[in-house]
Amino acid sequence: MFQWQKINEITLLTVTAFSDTGLVSHGFTSRTGGVSPVPYQSLNMGFTVNDEHDNVIRNRQRVADGLGFPLEDLVAAKQVHGDRVAVITGEQLGKGALTYDTALKDTDALITDQPGIPISTYHADCIPVLLLDPVTPAIGLAHAGWKGTALQIGAKTLAKMTACYGTNPQDCLAAIGPGIGPCCYEVDDKVKDVFARQFAGSEDFFKPVGTGHWHLDLWLANAAALQQAGVPQQNIFVSGLCTSCNHELFFSHRRDKGQTGRMASLMMLKW
């Protein structure tokens, strides 16, 4: 259900069902094909690490060129592991594209129904959630770490699309992109307790690995939230790619102890 596509220097992971609609340009970046040095080698897309600003601009330009949009139009946010969803129109065009200072404040999900507006989220273990309503049409992206997943940010993004655009969850396609997998993501009782308070049925997402420690399946949790929100199971696609396991492909905040870059999830409705 996912395909790697080589576009010039860069390699993007795309969702086959999204591509088949012909409605969107989209992709999730790998760490390859950019200009950044160690430890951000090479396609670091994030301004929030200690990489040189010019390197990030050059990397983002390569991705923008590959997906066919002006880099100056890209919309990005200052992600805070919350559940705020921003509605993107032409007024936000270019926010966060070239500098972090101009990014949308305190936001972890973006939606739009306007063609030609590229939206983006940034990741180094946290789960990218991609939503496509092919009927309206409309799109959404969410950044789901454990806190955002417990808050069911993917489902809240979908609900915002319904409120703003009339999106029917039954029509939607959803993708859970690469992120840290249950093979590598160990958490403690405090995290498990937060899920228990905020997420019905969360016991299914945890497997014990010792007293007070658990492996957490963020892929399953995000998919479950979307299914509970009305997206048909057959319309939810999970990449199953662990960012921590796949060093050559992905940055990982946990594996690299914070000294690492960021991948980007990007999507734009075509004209």
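**Strand S9 and its partners**

A: Start with strand S7 (residues 127-133) and S9: they run antiparallel, joined by 4 bridges. Keep in mind that this is a predicted model.

Q: Which residue in S9 is the bridge partner of Leu-131?
A: Ala-174 is the bridge partner of Leu-131.

Q: Which strand do 3 bridges join to S9, running parallel?
A: That is strand S13 (residues 236-238). There, Ile-236 is the bridge partner of Ala-174.

Q: Which way do the residues of S9 point?
A: Leu-173 and Ala-175 point one way, Ala-174 and Ile-176 the other. In a regular strand, side chains alternate between the two faces of the sheet.

Q: And are those four S9 residues buried or exposed?
A: Leu-173, Ala-174, Ala-175 and Ile-176 are all buried.

Q: New topic, the open sheet. What is the strand order?
A: The order is S10-S12-S11, with antiparallel pairing. Strand S10 (186-188) and strand S11 (206-208) are the edge strands, and each pairs on one side only. From one strand to the next, the twist averages 45 degrees.

Q: How many bridges join S10 to S12?
A: There are 3 bridges between S10 and strand S12 (residues 213-216). In one of them, Val-187 has Trp-214 as its bridge partner in S12.

Q: Which helix packs on that sheet?
A: Helix H5 (residues 189-198) does, touching S10, S11 and S12. The direction of H5 makes about 80 degrees with that of S10.

Q: What caps the N-terminal end of H6?
A: Asp-217 does. A side-chain oxygen of Asp-217 lies 3.2 Å from the backbone nitrogen of Trp-219.

Q: And what follows H6?
A: Gly-230 follows, with a positive phi near 115 degrees.

Q: Charges next. How many salt bridges are there in the whole structure?
A: A search finds 3. Side chains of opposite charge can pair when their charged atoms come close.

Q: What does Asp-83 form a salt bridge with?
A: With Lys-156; the closest N and O atoms are 2.5 Å apart. Asp-83 sits in the loop between H2 and strand S4 (85-87), and Lys-156 in helix H4 (residues 153-165), so the pair ties together parts 73 residues apart in sequence.

Q: How accessible are Asp-83 and Lys-156?
A: Asp-83 is partly exposed, at 30% relative accessible area. Lys-156 is also partly exposed, at 35%.

Q: Which residue does Lys-192 form a salt bridge with?
A: Glu-203, with the closest N and O atoms 2.9 Å apart. Lys-192 is in helix H5 and Glu-203 in the loop between H5 and S11, 11 residues apart.

Q: Is Lys-192 buried or exposed? What about Glu-203, buried or exposed?
A: Lys-192 counts as buried, at 12% relative accessibility. Glu-203 is exposed, with a relative accessible area of 51%.

Q: Where is the remaining salt bridge?
A: The side chains of Arg-255 and Asp-256 meet there, at 2.9 Å from N to O.

Q: Cysteines now. How many disulfides does the structure hold?
A: It holds 0. For Cys-183, the nearest cysteine sulfur is that of Cys-245, 3.6 Å away. For Cys-242, the nearest is that of Cys-183, 3.7 Å away.

Q: Are Cys-183 and Cys-242 buried or exposed?
A: Cys-183 is partly exposed, with a relative accessible area of 45%. Cys-242 is buried, at 3%.

Q: Last one, His-53. Where does it lie?
A: His-53 lies in helix H2 (residues 53-67). At 37% relative accessibility, His-53 counts as partly exposed.

Q: What is His-53 in contact with, leaving aside neighbours within four places in sequence?
A: Phe-47, Leu-98 and Thr-99.

Technical notes:
Residues are numbered from 1 along each chain as its sequence is written. This is a predicted model: local features need pLDDT of at least 70, side-chain atom pairs count only at pLDDT 80 or more; totals for chains, interfaces and linings use all residues. Side-chain values use heavy atoms; hydrogens and water are left out. A disulfide is a pair of cysteine sulfur atoms within 2.5 Å. Buried means under 20% relative accessible area, exposed over 50%, partly exposed in between (1.4 Å probe, protein chains only). Two strands pair if DSSP finds at least two bridges between them. Helices (H or I, at least four residues) and strands (E, at least two) are DSSP runs, numbered from the N terminus. Axes are lines fitted to C-alpha atoms, for helices over the stretch in contact, and angles run from 0 to 180 degrees between N-to-C directions. Contact means heavy atoms within 4.5 Å. A polar contact is a pair of N or O atoms within 3.5 Å; within protein, one must be able to donate a hydrogen and the other to accept it, and residues adjacent in sequence count only if both atoms are side-chain atoms. A salt bridge is a side-chain nitrogen of Lys or Arg within 4 Å of a carboxyl oxygen of Asp or Glu.
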